[in-house]
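This note sets out points for a student who is reading the structure for the first time. Please keep the sequence and the model side by side while reading.

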Amino acid sequence: MTDVSNRPETKTVKPTPADQFRDHDTNFESRWEALAGTGYLTPVEKFFVRNHTVTPHIDAKAWRLDIFGNAVERESELSLSDLAALPQQTQTNFLECAGNGRSFFDTVGGEPAEGTPWLLGAVGEAQWRGPRLADVLALAGVKPDALEVMPTGLDEMRVRRPLPIDVALADDTIVALEMNGEPLHPDHGYPARLVVPGWIGVANIKWIGSIEVSNSPLYSPWNTGTYVMIGPGYQPEPDRKGPLLERMPVKCALELAWPAVLGAGMQKVAGRAWSGEGAIERVEWSLDGETWKPAALLPDPNALGTWVRFSFEWDAAPGSHLLYARATDTTGKTQPAIVPYNELGYLYTGYVGHPVEVR
Ligand SMILES: Nc1nc2c(c(=O)[nH]1)N[C@H]1C(S)=C(S)[C@@H](COP(=O)(O)O)O[C@H]1N2
Ligand SMILES: [Mo]
């Protein structure tokens with residue numbers, strides 16, 4: 001097991017200035033107004049950080065990835081150079097916390113949910129590069145009866161969450177060593193993290209130290225007590241408090257401060273829409289949440305279409321407004337007005353009124 005010395009004196013390694021991040025204790029939410037004018041990718045220095053504890057310090061030379069379990073042929077200990085020697089895959093995907101938008105269960109739905117009260121800034125788009133998890137696991141030999149895979153982080157809480165074997169072996173599930181063309185930043189999982197496109201943030205385990213491959217179901221607090229749906233309409237299951245969360249549903253956000261102040265007259269309002277379930281098909285905007293006009297989608301440089309920039313022109317009249325935007329993806333799902341409550345406040349896929357004061 002890799003030796004790790006935690007850094008309890010700072011929660012993150014990168015600076016998290018108040019004009020770029022909202023501080024939620026160990027978690028830092030990107031401010032959308034700070035993302036305005038950035039390119040297609042979210043710059044690493046502006047990318048949200050979601051740490052259950054604090055960013056650990058890891059010596060990459062001493063780092064090893066242990067692969068073990070009753071569904072591997074041979075327990076294996078891999079170094080960073082072993083991973084770097086495998087074919088490297090480059091892909092562009094968003095990463096979003098399952099609880100992104102949680103505060104709206106309270107401010108829209110009237111029922112506060114437990115957990116970090118994110119607005120919409122617990123999401124970012126990055127270019128990731130590293131070997132496919134399938135190729136990494138193949139070094140240990142995956143037995144045909146493998147059912148689940150549990151990647152475990154080297155942070156203080158050993159954050160870990162099992163994945164079904166078909167997701168672990170999927171073409172686009174990678175062990176990322178790079179983010180936006182640089183070695184992973186310490187806050188984002190250096191030296192290696194999982195990237196599971198479209199899946200809830202916690203599936204993307206940072207600072208991975210070990211991976212168990214098992215022929216029977218695996219459990220951790222993150223797939224039994226949290227990251228499950230608890231609340232009216234959701235039934236507890238024999239081995240967990242409710243149905244498992246998997247993919248992130250469609251959402252969008254405007255690149256404006258919350259609340260925003262704008263000048264009167266024609267304003268170009270920009271935003272981004274994303275979905276873990278399909279490509280973005282359209283985005284609409286509204287001043288009353290009832291009549292909707294189409295927003296223009298920018299050409300998407302990424303073939304997937306799961307993260308798309310949009311804009312619209314608004315002839316802003318002085319006064320207080322709520323500006324709405326809603327996205328639809330290729331599964332046919334459109335962001336709804338109301339999202340049924342769940343106690344831990346996950347998957348807030350509703351459209352929200354962005355408060356704007358026009359002067
Ligand atoms: N080891 C470890 N991995 C982790 C976490 C963590 O606290 N520890 N947080 C998870 C959660 S809940 C999210 S949303 C994403 C956040 O990734 P980021 O901090 O790189 O933005 O990492 C996931 N991976
Ligand atoms: Mo998360």
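1. An open sheet contains three strands in the order β2-β3-β4, with antiparallel pairing. Strands here are DSSP runs (E, at least two residues) numbered from the N terminus, and two strands pair if DSSP finds at least two bridges between them. Because β2 (21-24) and β4 (49-50) stand at the edges with a single partner strand each, one side of each has no neighbour in the sheet.

2. This is a predicted model, in which local features need pLDDT of at least 70, side-chain atom pairs count only at pLDDT 80 or more, and totals for chains, interfaces and linings use all residues. Residues are numbered from 1 along each chain as its sequence is written, chains are lettered from A and ligands numbered from 1 in the order in which they are written, and side-chain values use heavy atoms, with hydrogens and water left out.

3. Four bridges join β2 to strand β3 (residues 27-30) in the antiparallel sense. His-24 has Asn-27 in β3 as its bridge partner.

4. Ligand 1 has 21 residues around it (a heavy atom within 4 Å). Phe-48, Asp-155, His-188, Arg-193 and Lys-206 come nearest. By class, this shell holds 10 nonpolar, six polar and five charged residues.

5. Oxygen atoms of ligand 1 lie 2.7 Å from a polar backbone atom of Phe-48 and 2.7 Å from a polar side-chain atom of Arg-193. A nitrogen atom of ligand 1 is 3.1 Å from a backbone N or O atom of Asn-204.

Terms used: Polar contact = N/O pair within 3.5 Å; in protein donor to acceptor, adjacent residues only side chain to side chain. Nonpolar A, V, L, I, M, F, W, Y, C, P; charged D, E, K, R; others polar.
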